Amino acid sequence: MAIEPDPHLSMVRPVTPHTPQGCEECLRLGSPWVHLRLCLTCGHVGCCDSSPLKHARAHAAAASHPIVEPLEEGEEWRWCYVHEALA
């Protein structure tokens with residue numbers, strides 16, 4: 001049985017993080033975060049689901065940009081918020 005690639009991978013673009021120093025919204029609000037996620041469609045940097053405000057998930061829903069990757073060295077994976085699975 002062949003595994004089909006996530007159809008949202010077509011939305012992945014070469015991006016540069018808007019705020020490599022932290023979550024865009026948390027930086028504005030002065031809120032803490034746990035891990036950072038990079039939107040692979042537009043470069044938005046948001047905080048992960050373990051963070052209090054879950055900005056990466058909120059951005060994915062609001063902007064319809066479902067694919068993210070960690071913005072941390074040594075981690076190489078992609079997540080699709082629509083399918084709740086590695087992409």
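**Close-up views of a predicted model**

**View 1. P17, in the segment before the helix α1.** With a relative accessibility of 23%, P17 counts as partly exposed. Please keep in mind throughout these views that this is a predicted model. P17 belongs to the segment that comes before α1 (24-29). Which residues does P17 contact, once its neighbours within four places in sequence are set aside? They are L38, G43, V45 and L71. Looking back along the chain, E4 is 13 residues from P17 in sequence, and their C-alpha atoms are 28 Å apart in space.

**View 2. The protein from end to end.** Stepping back for a moment, we can count two helices and five strands in the protein. Starting from the N terminus, these elements follow one another as α-β-β-α-β-β-β. The radius of gyration is 13 Å, close to the 12 Å that the globule rule gives for 87 residues, so the protein is as compact as a globular protein of that length. Along the principal axes, the C-alpha atoms fill a box of roughly 45 × 25 × 25 Å. Of the 87 residues, 38% count as buried. If we take the contacts between residues at least 6 apart in sequence, 48% of them join residues at least 24 apart.

**View 3. The hairpin of β1 and β2.** Here β1 (36-39) and β2 (45-47) form a hairpin, with five residues between them. G43, in the turn, has a positive phi of about 95°. The two strands run antiparallel and are joined by three bridges. R37 has G46 of β2 standing opposite. Which way do the residues of β1 point? L36 and L38 point one way, R37 and C39 point the other way, and all of them are buried.

View 4. Strands of a sheet pair through backbone hydrogen bonds, either parallel or antiparallel. In this model the pairing is antiparallel, and the five strands form an open sheet in the order β2-β1-β3-β4-β5. E69 in β3 is the bridge partner of L38.

View 5. How many bridges join β4 (residues 79-80) to β5? There are two, and the strands pair in the antiparallel sense. C80 has A85 of β5 standing opposite. The helix α2 packs on the sheet, where α2 touches β1 and β2. The direction of α2 makes about 125° with that of β2.

View 6. With a relative accessible area of 3%, A56 is buried. Beyond the neighbours within four places in sequence, A56 is in contact with R37, G46, C47 and Y81. D6 is 50 residues from A56 along the chain, and 19 Å separate their C-alpha atoms. H59 is buried too, because its relative accessible area of 15% is under 20%. Not counting residues up to four places away in sequence, H59 touches C39, C42, H44, S64 and H65.

**View 7. The largest nonpolar core.** In soluble globular proteins, nonpolar side chains tend to be buried together. The largest nonpolar core here has nine residues: C23, C26, L36, L38, L40, V45, C47, I67 and C80. At least two residues of this core come from each of β1 and β2. To explore one member, look at C23: apart from its neighbours within four places in sequence, C23 is in contact with W33, L36, V45, G46, C47 and H55.

**View 8. S51, in the loop between β2 and α2.** We finish in the loop that lies between β2 (45-47) and α2 (55-63), where S51 is found. Is S51 buried or exposed? Its relative accessibility is 2%, so S51 counts as buried. Which backbone atom does its side chain reach? The side chain of S51 reaches the backbone nitrogen of V34, at 2.7 Å. Leaving out neighbours within four places in sequence, S51 is in contact with W33, V34 and H35.

Note on methods:
Residues are numbered from 1 along each chain as its sequence is written. This is a predicted model: local features need pLDDT of at least 70, side-chain atom pairs count only at pLDDT 80 or more; totals for chains, interfaces and linings use all residues. Side-chain values use heavy atoms; hydrogens and water are left out. Helices (H or I, at least four residues) and strands (E, at least two) are DSSP runs, numbered from the N terminus. Buried means under 20% relative accessible area, exposed over 50%, partly exposed in between (1.4 Å probe, protein chains only). A polar contact is a pair of N or O atoms within 3.5 Å; within protein, one must be able to donate a hydrogen and the other to accept it, and residues adjacent in sequence count only if both atoms are side-chain atoms. Contact means heavy atoms within 4.5 Å. Two strands pair if DSSP finds at least two bridges between them. Axes are lines fitted to C-alpha atoms, for helices over the stretch in contact, and angles run from 0 to 180 degrees between N-to-C directions. A nonpolar core is a set of buried Ala, Val, Leu, Ile, Met, Phe, Trp, Tyr and Cys residues joined through side-chain atoms within 4.5 Å. The radius of gyration is taken over C-alpha atoms; the globule rule is 2.2 Å times the number of residues to the power 0.38.
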